[in-house]
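Visitor: I am new to this structure. Could you show me how to read its main features?

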Amino acid sequence: MAQAAPETFGFQTEAKQLLKLMIHSLYSSREIFLRELISNASDAIDKLRFEAIERPELIEGDADYHIDITFDADAGTLTIADNGIGMTRDEVIANLGTIARSGTAEFLERLTGDQKKDSALIGQFGVGFYSAFIVADEVEVRTRGAGTDDGVCWRSRGEDQFTIESASDVPRGAQVVLHLKDDAKEFLDGYRLRAVVRRYSDHIGVPVRMLEERTSSDDDAEAPEPTMEAVNEAKALWTRSRSDVTDDEYKAFYKHVSHDFEEPLSWSHNRVEGKLEYTSLLYLPKRAPFDLWNRDVPRGLKLYVQRVFIMDEAEQFLPLYLRFVKGVVDSNDLPLNVSREILQQDERVTTIKNALTKRVLTMLKSMADKEADDYQAFWDEFGEVLKEGAGEDFANREALLGLLRFASTRGDDNTKNVGLDAYLERKAEGQDKIYYVVAESWEHARNSPHIEVLKEQGIEVLLLFDRIDEWLMSGLDQYKDVQFQDAMRADIALPGKDEESTEGDKADDANEALTERIKTVLGERVEDVVVSKRLSQSPACLVLGQFAMGAQMRRIFEASGQAVPESKPIFEYNPTHPLIQRLDAESDEDRFEDLALVLFDQAALAEGEAPADAAGYVNRLNRLLLELMGG
Ligand code: ADP
């Protein structure tokens, strides 16, 4: 049969930009291309092992799995060959023709042009196969899918296109041939390659082989042809005992499972024996992946059963809020033919999931206690995700609450570094609540009129301004038997103020007439008008009824197109404020109305909300200003 001519395909629009950037940013650590390609080869062998459980014919009589690295100094080529699952023509097009994934354009926008920062970002994005173009000006992949007859050859210069043609005599698996750039010829050296393989791929469970090096005396003698020999340890890292594994090996393995270029923040390696037997190796990354918030992206641990790779992204072993954790779980009890559906219902999986969740939380707690700086770095990256857990995971709520960090009125800036334990330890005498305020930003929270009296009393208030905060707090009741108290709610209890409630009643009585006058003006705009206990500097503020939805939740609901139940604020005023006293003394009803409405709108403004009738507000304020200026 005549060979068909190569067919040409284009990469997506962003691909060229992405490749160029990657080559540029990763230039200084370019040897990592070898780690990426070996990692892919090892994954391909893992996949074949797994598929062959059900279909042993795929092995084609060759179960001697290995990854071979060879080079041809004259031709300037380096080849990484595996006898794994390989790819069919369609798979080649789908897998190697799609550089840019969803979110790429957005990702590219985040790049800064600063090589160091960008290389970390590129690492988060995961370059995988395409890292070959850091060292090669042309890449060729010859591959044949296990159990299929037709080989394919993919070829590209890493610009905007690639070609595909059929190829004959292709062994099962994939051979990636790199035509090295002139400045990357250093990789045509056995010693150099061995060093890189050992550094990055020692922990791979498959032998990575190279031709044995010949010494010069071998050359002289009639030595036999050199043969292939394994250059790595070829023992899956998590199967080794903890004391045998060095930190560098743990770090290298992390890069293999996570596709992260940075080192992990921390890890925990455990073997559990007893009713259930399993090994887990869990890593906390340093940085959040660029798509952490995309809930549709699959995430999870690599699942092995009795050392056989079963699947990537087995999300059943950790709750969604721990989706940033990377690693491996290897079970001795699950069946080899386990599917995602079975995992979802299996009680053993639930038991492992509960144990792994506790393990991660313990790891975080010990970091928070012993390595406060590391924990702060973790919190800055992943804090918001952990808050999801505090809202969702009732079984571990107390532990999760202890891990939360907030900004507070004790701090000078928006750093979130106050834990609830620290808060309780230094709470004021007589204080029996954990006070907090939720706002759009740290500035709004800190300057909120609602906390004026609390601040004056020296009571620390937690300042919450993450998108998730109102949702989180609405589900929380107490921590270590101390109630949470939202400083914006009508029912606020202030230390020392309750005993003075008769004084409060007196204030209410004394101002009854004013309260009624304001009520008449504000009318339907408010639920109620009351004298405030919490204000000292500001004339007025708006507070929420006990069950009313706050501004932040309201916005989230509105953005998602859901109907928001109607709720009106309660207008609280400070009778000692000069403006309120002026208001009280005002006999001109029109002016009274203008001033009362301006105070109402300003209370919304102080919370970062626009007045409902902005034009009306401006008109009224201008009238008052003109009068003031004698106009
Ligand atoms: P990732 O490994 O993160 O999925 P890559 O860009 O490295 O991304 O690879 C893309 C896909 O190409 C892989 O998911 C795999 O399906 C396929 N692939 C890469 N290398 C091989 C190989 N040696 N054998 C079989 N398939 C491979």
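Guide: We will take the domains, then the ligand site, then a pocket. Keep in mind that this is a predicted model.

Visitor: Into which domains is the protein divided?

Guide: Domain 1 covers 7-215 + 225-233, domain 2 covers 239-369, and domain 3 covers 499-544 + 564-628. The centres of domain 1 and domain 2, taken over C-alpha atoms, are 25 Å apart.

Visitor: Which residues come nearest to the ligand?

Guide: The ligand has 13 residues around it, and the nearest are Asn40, Ala44, Asp82, Asn95 and Phe129. Now look at polar atoms. A polar side-chain atom of Asn40 is 2.8 Å from a ligand oxygen atom. For Asn95, a polar side-chain atom is 3.1 Å from an oxygen atom of the ligand. Asp82 has a polar side-chain atom 2.9 Å from a ligand nitrogen atom.

Visitor: How much of the ligand does the protein cover?

Guide: The general idea comes before the case. The size of an interface is often given as the accessible area lost when the parts come together. On its own, the ligand has 520 Å² of accessible area, and the protein covers 75% of that.

Visitor: Which elements give two or more residues to the shell around the ligand?

Guide: They are helix H2 (32-54) and helix H3 (89-96). H2 gives the most, with four residues. By class, the shell has six nonpolar, five polar and two charged residues.

Visitor: What volume does the second largest pocket have?

Guide: Its volume is about 780 Å³. The pocket is lined by 33 residues, and those closest to its centre are Leu542, Ala551, Arg554, Pro569 and Glu609. H20 supplies the largest share of the lining, five residues.

Technical notes: Residues are numbered from 1 along each chain as its sequence is written. This is a predicted model: local features need pLDDT of at least 70, side-chain atom pairs count only at pLDDT 80 or more; totals for chains, interfaces and linings use all residues. Side-chain values use heavy atoms; hydrogens and water are left out. Domain bounds come from an automatic or database domain assignment. On a 1 Å grid over the protein atoms alone, a cavity is a set of points where a 1.4 Å probe fits but cannot get out, and a pocket is an open set with protein on both sides within 12 Å along at least five of seven lines; lining residues have an atom within 4 Å of a point. Grid points are joined across faces, edges and corners, and a volume is the space filled by probe spheres set on the points. A residue is near a molecule or strand if one of its heavy atoms lies within 4 Å of it. A polar contact is a pair of N or O atoms within 3.5 Å; within protein, one must be able to donate a hydrogen and the other to accept it, and residues adjacent in sequence count only if both atoms are side-chain atoms. Accessible areas come from the Shrake-Rupley method with a 1.4 Å probe; for residues, only the protein chains shown count as cover. Ala, Val, Leu, Ile, Met, Phe, Trp, Tyr, Cys and Pro count as nonpolar, Asp, Glu, Lys and Arg as charged, and the others, Gly among them, as polar.
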